[in-house]
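This report goes through a protein model step by step. Please look at the sequence and the structure below before reading on.

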Amino acid sequence: MAAQSDSSVALSHHTISHTAARKVADAALQVAAQHGWNISVAVVDRAGELVTLDRADHAIGISPAVAQGKARTAALLQAPSKEFETFINSGKPSFLATPGVTPLEGGVPIWLHGEVIGAVGISGAHGENDSLVAIEAALALGE
């Protein structure tokens with residue numbers, strides 16, 4: 001006989017779809033192009049796993065890996081990757097010991113109905129510009 005589960009303790013989590021991830025990535029590329037920035041953009045699911053990755057023709061070679069690291073950081077920690085850069089720059093280097101964290105500005109969580117469903121990471125526009133593009137891209141889903 002199969003055990004019955006108590007639905008009051010069942011958890012349900014949502015994650016970003018490939019279609020939504022492409023919408024976010026396309027928005028990022030559009031915003032960056034308007035400013036003349038050659039970026040890479042990574043969109044990950046809520047577990048930090050890659051859903052889509054894109055690179056502008058003239059983006060530097062390291063930028064895809066950095067974008068993915070920023071997105072993964074934002075998804076797993078449910079906070080902008082800039083927060084972790086700030087911790088380190090303000091004299092808290094112990095945050096560097098956090099596994100899988102890329103403490104560089106430019107990764108932001110993607111929220112839907114109060115839940116992190118993924119994150120977007122941008123690399124190539126540099127610092128605040130990476131964050132600007134990431135924020136605009138995350139807003140492409142309409143929440």
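Is R22 buried, partly exposed or exposed? R22 has a relative accessibility of 21%, so this residue counts as partly exposed. Here buried means under 20% relative accessible area, exposed means over 50%, and partly exposed is in between, for a 1.4 Å probe and protein chains only.

## Basis of the report

The model is predicted: local features need pLDDT of at least 70, side-chain atom pairs count only at pLDDT 80 or more, and totals for chains, interfaces and linings use all residues. Residues are numbered from 1 along each chain as its sequence is written, and side-chain values use heavy atoms, with hydrogens and water left out.

Helices (H or I, at least four residues) and strands (E, at least two) are DSSP runs, numbered from the N terminus.

## The sheet

Four strands make up an open sheet in the order β2-β1-β4-β3, with antiparallel pairing. Two strands pair if DSSP finds at least two bridges between them. At the edges of the sheet are β2 and β3, each of which pairs on one side only. Leaving direction aside, neighbouring strands are turned by 15 degrees against each other on average.

Strand β4 covers residues 115-123, and nine of its nine residues are buried. Strand β1 (residues 40-45) pairs with β4 in the antiparallel sense over six bridges. Within this pairing, S40 has S123 in β4 as its bridge partner, and A42 has G121 in β4. Strand β3 (residues 107-112) also pairs with β4 in the antiparallel sense, over six bridges; here V108 stands opposite V120 in β4. The hairpin of β3 and β4 has two residues between the strands, and H113 takes a positive phi near 50 degrees there.

## Salt bridges

Side chains of opposite charge can pair when their charged atoms come close. A salt bridge is counted when a side-chain nitrogen of Lys or Arg is within 4 Å of a carboxyl oxygen of Asp or Glu. How many salt bridges does a search of the whole structure find? The search finds four salt bridges.

One of them joins R22 to D26, with the closest N and O atoms 2.7 Å apart. Both residues lie in helix α1 (residues 18-35), four residues apart, which is about one turn of the helix. D26 has a relative accessible area of 40% and is therefore partly exposed. A network of salt bridges links R22, D26 and D54.

Another salt bridge is formed by R72 and E49, whose closest N and O atoms are 3.4 Å apart. This pair links distant parts of the chain: R72 is in helix α2 (residues 63-77), while E49 is in the loop between β1 and β2 (50-55), 23 residues apart. R72 is partly exposed at 29% relative accessibility, and E49 is partly exposed at 45%. The side chains of D130 and K70 also meet in a salt bridge, at 2.8 Å from N to O. D130 lies in helix α4 (residues 128-138) and K70 in helix α2, so this pair ties together parts that are 60 residues apart in sequence. D130 and K70 are both buried.

## Aromatic pairs

A pair of aromatic rings is described by the distance of the centres and the angle of the planes. Rings of Phe, Tyr and Trp (its six-membered ring) pair if their centres lie within 6.5 Å; planes under 30 degrees apart count as stacked, over 60 as edge-to-face and the rest as tilted. By this rule there are three aromatic pairs. F84 and F87 form an edge-to-face pair, 5.5 Å from centre to centre with 85 degrees between the planes.

F84 and F87 are three residues apart in helix α3 (residues 81-89), about one helical turn. How do the rings of F87 and F95 pair? Their centres are 4.3 Å apart and their planes are at 20 degrees, so the pair is stacked. Ring pairs link F84, F87 and F95 into a cluster. F84 is buried, at a relative accessible area of 11%; F87 is partly exposed at 24%, and F95 is partly exposed at 28%.

## Packing of two helices

The axes of α1 and α4 come within 8 Å and cross at roughly 135 degrees. Axes are lines fitted to C-alpha atoms, for helices over the stretch in contact, and angles run from 0 to 180 degrees between N-to-C directions. The two helices α1 and α4 are therefore oblique to each other. Angles under 35 degrees count as roughly parallel, over 145 as roughly antiparallel, 65 to 115 as roughly perpendicular and the rest as oblique.
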